[in-house]
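Here is a friendly briefing to read with the structure beside you. Take your time and look for each element as it comes up.

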Amino acid sequence: MRNWLLPEYIEDVLPAEALRIEILRRKLLDLFKVHGYQYVIPPMLEYMESLITGAGHDLDLATFKVVDQLTGRLMGVRADMTPQAARIDAHLLNHQGVTRLCYAGSVLRTKPDGLALTREPLQIGAELYGHAGIESDIEIQRLLIKALQAIGIDEIHLDFSHVNVFGSLIESSQIDAQLEQDLYAALQSKDQPAVAALTKALDHTTREALLHLTELNGDKSILAKAFQVLPATPAIKKALDSLQQVSHAIDQLGATVSFDLSELRGYHYHSGIVFAAYAKGYKGPLALGGRYDEVGQSFGRARPATGFSLDLRGVVSALPPAQSNMAIYAPVSADPALATKITSLRNEGRVVIEALDDADADLNELNCNQKLEHYNSGWHVVDVVRN
Amino acid sequence: MITIALSKGRIFEETAPLLAAAGIHAAEDPESSRKLIIETNRPDVRLIIVRATDVPTYVQYGAADLGIAGKDVLDEHGGDGLYQPIDLQIAKCKMMVAVRDDFDYFGSIRSGARLKVVTKYVKTAREHFAAKGMHVDLIKLYGSMELGPLVGLADVIVDLVSTGGTLRANKLKAVEEVGDISSRLVVNQASLKLNRDKLQPIMDAFQTAIAKNK
């Protein structure tokens, strides 16, 4: 029995990487803080009903479940913190105006996913409640770009979609739930042949529009094309207008922008603009976000909502390997001057490791590339000569 | 660098003209070369030769930007994380249900029998029979499915049929169509967002070539 073996897709994060992740976590939370996002710590687990409310079937299957020994009710370990933040906003804070919340913590998924291909992503995110206008979408997208820049990622690319384009086509042609589900799956994979096969019985306008959706992805120019080829209903016009506004706002922030009108991720709970951040070197999206105005409804209070989250483990997966923090080795000495020197170095943020005894320590193993030596009647930091 | 994943044999042979239409020519013939990475005339495009069933996996995880995969393989994989925008109209065949010549398939269904099915395509078979409202027991095999009904391992097979020659030689008959199969172009999602300027011309060239062949 190899009892040290971890379950699949569950891993330890070892010192150098753990330090880097923790520093990034603090950096992002500080960034959120100065933008007015208040930090909350939702519980690791709660009743299934509230955990997956409004978020649909996929999240249910992704959630590990346990039976509460106190009540016999089914509890889930959170697989996504966004619904928890929405619950806090809807029920506990009861603000009438705008609420900004942020959070960071491990979540568990039954199946590995994301960039890090892990079942334990370290989710960090920011959500804005109580404002339905495009301004709040843009604030969230700007914050995301700043967060990625703070992590040290350049060449950021944001891909936008709007779920109401597809949603209003479904609604206006009264497509039944099964066909809606099939069309959703076909559009998600841009499977034009499948869309063609599924839409044979639909009216001409809707069919053409759905077929066009599979091709409406690319740079800004596809919005102009979308205006031409999609039906000019108020809902579609409004959706395309808001995408255009977003495009103007993000252009000035040093991120490139693209649009993909067949992207329907989270279609069942998103209600407006959705977006995903990509960057060079990453094999998938780094961060996901969008508007979800209806989710609060299931907690008794519908509130406009938009936000984003990312997995820190995934984000560091494409960065160069983390370097250990180098340390200074201090010998055993009763000299009070040494203690003073060590304190002042530590106050500067330097790492000082004090010897426990006179035995020769392996400085390599301790990551010490410098040590404290006494000469010229004082303690000085000198480089360790490696042989 | 754009990496295209595809398998040897029929798929490679039938894809070569499409690649040529996009101005991509393999520097070596994968049938004779033992290399797994094949350079092309374009320094920014390379081919990787993988098993047909592995193509979606390579593309899903971004190890390849594009891939050529049969619909049969894609359905089994599930298509997570992939775009599959173009039906390449190559390597066409049908996914069929087949039984022994003397087996009354529709009679057994009517009597509510619980059939044993051997197949390489477990997911496809499960969905096909579930849609018909039938209970079946699935047995996964990796090849020579035709043997299943002959040696009493199963009542039914679900397999690809192109000419029907193998079925006839083994005294089997196709009784039901599961679906049409042809090869698809699959695209890694992140790659399409980040490398559109390189991928789109290849995809457009494929589209044009396919339209011409029709």
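B:Leu66 has B:Val187, in β11(B), as its bridge partner. That pair belongs to strand β4 (residues 66–70) and strand β11 (residues 183–188) of chain B, which run antiparallel and are joined over 5 bridges. Keep in mind that this is a predicted model.

**The six-stranded sheet**
- In chain B, 6 strands make up an open sheet, and their order is β2-β3-β1-β4-β11-β5, with mixed pairing.
- At the edges you will find β2 (37–39) and β5 (82–87) of chain B, each of which pairs on one side only.
- On average, neighbouring strands in this sheet are turned by 30 degrees against each other, ignoring direction.

**A parallel pair and its helix**
- Strand β7 (residues 115–119) and strand β8 (residues 136–140) of chain B are also paired, this time in the parallel sense, over 5 bridges.
- To find the pair on screen, look for B:Leu115, which stands opposite B:Val136 in β8(B).
- Together with helix α5 (residues 122–131) of chain B, the strands β7(B) and β8(B) form a right-handed β-α-β unit.

**Chain B as a whole**
- Chain B contains 9 helices and 11 strands.
- Its C-alpha atoms fill a box of roughly 60 × 35 × 30 Å along the principal axes.
- Of the 214 residues in chain B, 50% are buried.
- Among contacts in chain B with a separation of 6 or more, 67% are between residues 24 or more positions apart.

**What the record says**
- An unreviewed UniProt entry lists residues 51–207 of chain B as "domain: ATP phosphoribosyltransferase catalytic".
- This span is 36% helix and 32% strand, and its end C-alpha atoms lie 25 Å apart.

**A residue that touches both chains**
- A:Asn217 sits in strand β8 (residues 217–218) of chain A.
- Is A:Asn217 buried or exposed? A:Asn217 counts as buried because its relative accessible area is 11%, which falls under the 20% cut-off.
- Beyond its neighbours within four places in sequence, A:Asn217 has contacts that include A:Lys190, A:Ile222, A:Phe259 and A:Asp260 in chain A, as well as B:Leu192 and B:Arg196 in chain B.
- With B:Arg196, the side chain of A:Asn217 makes a polar contact of 2.5 Å, side chain to side chain.

Note on methods
Residues are numbered from 1 along each chain as its sequence is written. Chains are lettered from A and ligands numbered from 1 in the order in which they are written. This is a predicted model: local features need pLDDT of at least 70, side-chain atom pairs count only at pLDDT 80 or more; totals for chains, interfaces and linings use all residues. Side-chain values use heavy atoms; hydrogens and water are left out. Helices (H or I, at least four residues) and strands (E, at least two) are DSSP runs, numbered from the N terminus. Buried means under 20% relative accessible area, exposed over 50%, partly exposed in between (1.4 Å probe, protein chains only). A polar contact is a pair of N or O atoms within 3.5 Å; within protein, one must be able to donate a hydrogen and the other to accept it, and residues adjacent in sequence count only if both atoms are side-chain atoms. Contact means heavy atoms within 4.5 Å. UniProt positions are given in the numbering used here, feature names are shortened, and annotations may be inferred rather than shown by experiment. Two strands pair if DSSP finds at least two bridges between them. A crossover is right-handed if, with the strands pointing away from the viewer, the path from the first strand over the helix to the second runs clockwise. Axes are lines fitted to C-alpha atoms, for helices over the stretch in contact, and angles run from 0 to 180 degrees between N-to-C directions.
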